[in-house]
Amino acid sequence: MNTQKFNSAKLLSAFNSNSLMLHLTGRKYNGSLFSVTPTITKSVQQEIIDLIEKQISCYDNQNLKQYNIVGSIDDTVEYADSNDFINELGKVFSSLKQPTVLNNIDPNNFDFFTYEFKSTDNHPIYVFRKINRMKALKRGILGEIANGSFNKIKSSKLLGIDNAIDFIVIDDKIFIFHHISLERVLKLSDQFKDKAKDVLENDEFAKKIKNFDKLKERALENGNYVKRLAKLYKNDGITMFLDKIDRTRSVIDQFNLDIDVSNGQLIYRDETQIGNFVNLMQDSYYKTLIGDQNGIDEKR
């Protein structure tokens with residue numbers, strides 16, 4: 001099977017490089033978004049466009065794989081359907097369409113940039129990047145030398161535009177270059193937790209896992225387990241390990257798992273067992289065909 005490759009030239013061909021708007025977006029105390037759209041000179045526009053085009057080209061021919069909630073793989077561009085994040089993206093786009101007017105823009109109030117282009121067929125393309133607050137300079141002194149004199153510059157008002165990009169939304173596709181930034185910009189943690197809760201609502205868990213309520217409570221307190229459970233959303237096979245208890249008992253023995261089985265129930269004792277239970281839900285345990293070696297794939 002051929003591995004899909006990221007084609008930077010194809011993506012860049014959709015950009016109309018004559019158009020660029022710069023947006024800065026932050027969150028209020030109540031979680032709602034607000035954006036500002038400062039004017040930028042043509043020369044700065046062109047510098048930003050050059051940075052973005054060069055950075056996209058750096059990813060050319062990397063493996064292209066579907067977004068995996070659990071984690072990314074090195075040297076891989078991920079892709080996702082933008083409709084999977086329609087609520088989160090909708091809030092961002094609504095704030096961009098109704099920018100706030102601020103006379104005194106403080107970079108510390110904002111979380112991310114959005115570079116908005118027009119595509120060659122006049123559709124919007126959005127390039128996202130977390131804001132660089134230049135924290136490294138907070139304890140130091142930034143300055144410039146002019147006419148032989150060193151003058152201090154107030155770093156609290158500086159806004160850094162670097163050459164990195166986090167993800168791009170174009171039509172119904174998202175191309176993801178920095179996995180964790182997508183989750184932070186769109187605040188996906190709430191979505192993940194809702195899906196994880198839904199997964200754990202399955203009645204079979206409470207019936208066939210003793211002390212399941214305690215397992216559920218502890219699992220939902222751990223971000224890693226929440227992601228892994230969220231990935232099982234709408235997966236019909238999550239209770240297979242309970243339906244086929246004899247096979248599950250065999251897995252417990254082969255992998256020396258710290259789980260007791262009694263009267264057709266798995267016994268949950270404490271939080272040290274949660275990873276094993278989540279692995280069983282994911283059907284993560286396997287044996288290699290050639291080397292006959294046991295393994296665990298937690299990113300399934």
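Predicted model: local features only at pLDDT ≥ 70, side-chain atom pairs only at ≥ 80, totals over all residues.
Helices, as named here, are DSSP runs of H or I with at least four residues, numbered from the N terminus.

Eight strands form an open sheet with mixed pairing, in the order E2-E1-E5-E6-E9-E10-E4-E3. Its edges are strand E2 (33–36) and strand E3 (63–66), each of which pairs on one side only. On average, and ignoring direction, neighbouring strands of this sheet are turned by 25° against each other. In general, the strands of a sheet pair through backbone hydrogen bonds, in either a parallel or an antiparallel sense. Strand E1 (residues 15–27) pairs with E2 in the antiparallel sense, over four bridges. Within this pair, leucine 24 is found opposite valine 36 in E2.

Two helices that pack on the sheet come next. Helix H2 (residues 42–58) touches E1, strand E5 (112–119), strand E6 (124–130) and strand E9 (167–170), and the direction of H2 makes about 95° with that of E1. Helix H3 (residues 86–97) also packs on the sheet, where its contacts are E1, E2, E5, E6, E9 and strand E10 (173–176). The direction of H3 makes about 40° with that of E2.

One cavity of 30 Å³ or more was counted, and the largest cavity holds about 40 Å³ of space. Its lining consists of Ile48, Leu51, Ile52, Tyr115, Ile161, Asp162, Asn163, Ala164 and Ile165. H2 contributes the largest share of this lining, three residues. By class, seven nonpolar residues, one polar and one charged line the largest cavity.

The lining of the largest pocket divides into eight nonpolar, five polar and five charged residues.

The second largest pocket has a volume of about 320 Å³. It is lined by 19 residues, and Met240, Phe241, Leu280, Gln282 and Asp283 are the closest to its centre. Helix H9 (240–243), helix H10 (245–254) and helix H11 (274–282) are the elements that give two or more residues to this lining. H11 gives the most, with four residues. By class, the lining of the second largest pocket has eight nonpolar, six polar and five charged residues.

Terms used:
Residues numbered from 1 in each chain as written. Heavy atoms only, no water. Pairing = 2+ DSSP bridges. Axes fitted to C-alpha atoms, helices over the stretch in contact; angles between N-to-C directions. Contact = heavy atoms within 4.5 Å. 1 Å grid on protein atoms, 1.4 Å probe; cavity = no way out; pocket = protein on both sides within 12 Å on 5 of 7 lines; lining within 4 Å. Points joined across faces, edges and corners; volume = space filled by probe spheres on them. Nonpolar A, V, L, I, M, F, W, Y, C, P; charged D, E, K, R; others polar.
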